Amino acid sequence: MKFAFLTYQFARYPLEYCFRMAKEYGFEGVEVWGARPHAYAPDMDREAVNAVLGWKKQYGIEVSMFTPEILAYPYSLVSASQKERRETIDYLIRSVETAAAIGTDKMQITAKHPGYGRDREEVWDMLTEGVGALCRRAEQVGVDVIMESLSPSEGNVITTADDIAALQRRVGSHALCTMIDVVPPFIANEPYSEYFDKLGDTMRYVHICNGDGATEFHMQLDDPAGVIPLTDFFRVLKRNHYDGWCSTELLAPYFRDPELYLSQSARAIRRICGESGIIRG
């Protein structure tokens, strides 16, 4: 199993700094945040792509996944605005091309809240159309589109393994895969094993953090207020023969000193791997 961290944690630093930090603290990879100042797809010309490829070689660090920002304005796959949806699809197609260019075979997407008063079937049709168009391009460039479920406060379209399975059936593309973020299933009272039982070998990635059991807050792995038993979560991964990437996803308030909390994450990961019998690398 390999470990990375989402570079959004270092949003106040340039992207190269993240590669340095990954090497310093023993991570095998970085999950590149696809937004400014890191790797916003419209900015990723040949020079910018070559810079990322150079940092990978210089620091000996892989890109575990490319994660374009689509939970925030101005992009949404389920917007009521046809113009916004069209621009989102164009942006994501450019993003999946960027993922391939910087040498990763994974790109994450989400379906944020569509807004109140919307017809659910209409929203699902929009999501199916947009993800289908993206997956057709992803198939061509050899990248898996990794759909992540969200907590209900973030979005009400894709929140469970069943939702992801339904979307996979509707889209019908082998490029549409999935992942576990430890927080949404816990809030949804959904066993983590559902993602393996229902989604099989399309389960390709994991986001780790801890949580309060009630909100989408992503807290530090060993925060004493956290309620997710992470060592036991890794035993579930091990039982299901998962041997892919696990990436820490820390957001606010950890921006204030991201290196401090990255070091803390690295220490917690070493402990968890030892307790759960996980072999790294």
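This is a predicted model: local features need pLDDT of at least 70, side-chain atom pairs count only at pLDDT 80 or more; totals for chains, interfaces and linings use all residues.
Residues are numbered from 1 along each chain as its sequence is written, and side-chain values use heavy atoms, leaving out hydrogens and water. Local features need pLDDT of at least 70 and side-chain atom pairs count only at pLDDT 80 or more, while totals for chains, interfaces and linings use all residues.

**View 1. Helix 1 meets helix 2.** Two packed helices are described by the angle between their axes and the distance between the axes. Helix 1 spans residues 15-24 and helix 2 spans residues 46-59. (Helices are DSSP runs of H or I with at least four residues, strands are E runs with at least two, and both are numbered from the N terminus.) Their axes come within 10 Å and cross at roughly 20°. (Axes are lines fitted to C-alpha atoms, for helices over the stretch in contact; angles run from 0 to 180 degrees between N-to-C directions.) Helix 1 and helix 2 are therefore roughly parallel. (Angles under 35 degrees count as roughly parallel, over 145 as roughly antiparallel, 65 to 115 as roughly perpendicular, and the rest as oblique.) Leu15, Glu16, Phe19, Arg20 and Lys23 of helix 1 meet Val52, Trp55, Lys56, Gln58 and Tyr59 of helix 2. (Contact means heavy atoms within 4.5 Å.)

**View 2. The buried side of helix 8.** Helix 8 covers residues 230-239. Leu230, Thr231, Phe233, Phe234 and Leu237 are buried there. They cover an arc of only 155° around the axis, which puts them on the same side of helix 8. (The arc is that of the directions from the helix axis to the C-beta atoms. Buried means under 20% relative accessible area, exposed over 50%, and partly exposed in between, with a 1.4 Å probe and protein chains only.) These buried residues pack against several elements, including strand 1 (2-5), helix 7 (193-199) and helix 9 (258-276). Just after helix 8, His241 takes a positive phi of about 60°.

**View 3. Helix 8 crosses helix 9.** The two axes come within 9 Å and cross at roughly 55°. Helix 8 and helix 9 are therefore oblique to each other. In helix 8, Leu230, Thr231, Phe234, Arg235 and Lys238 meet Arg271, Ile272, Glu275 and Ser276 in helix 9.

**View 4. Pro68 in strand 3.** Pro68 lies in strand 3, residues 62-68. Pro68 counts as buried, at 4% relative accessibility. Not counting residues up to four places away in sequence, Pro68 touches Gly34, Tyr91, Leu92, Ser95, Met107 and Gln108. Pro68 and Glu97 are 29 residues apart in sequence and 12 Å apart in space, C-alpha to C-alpha.
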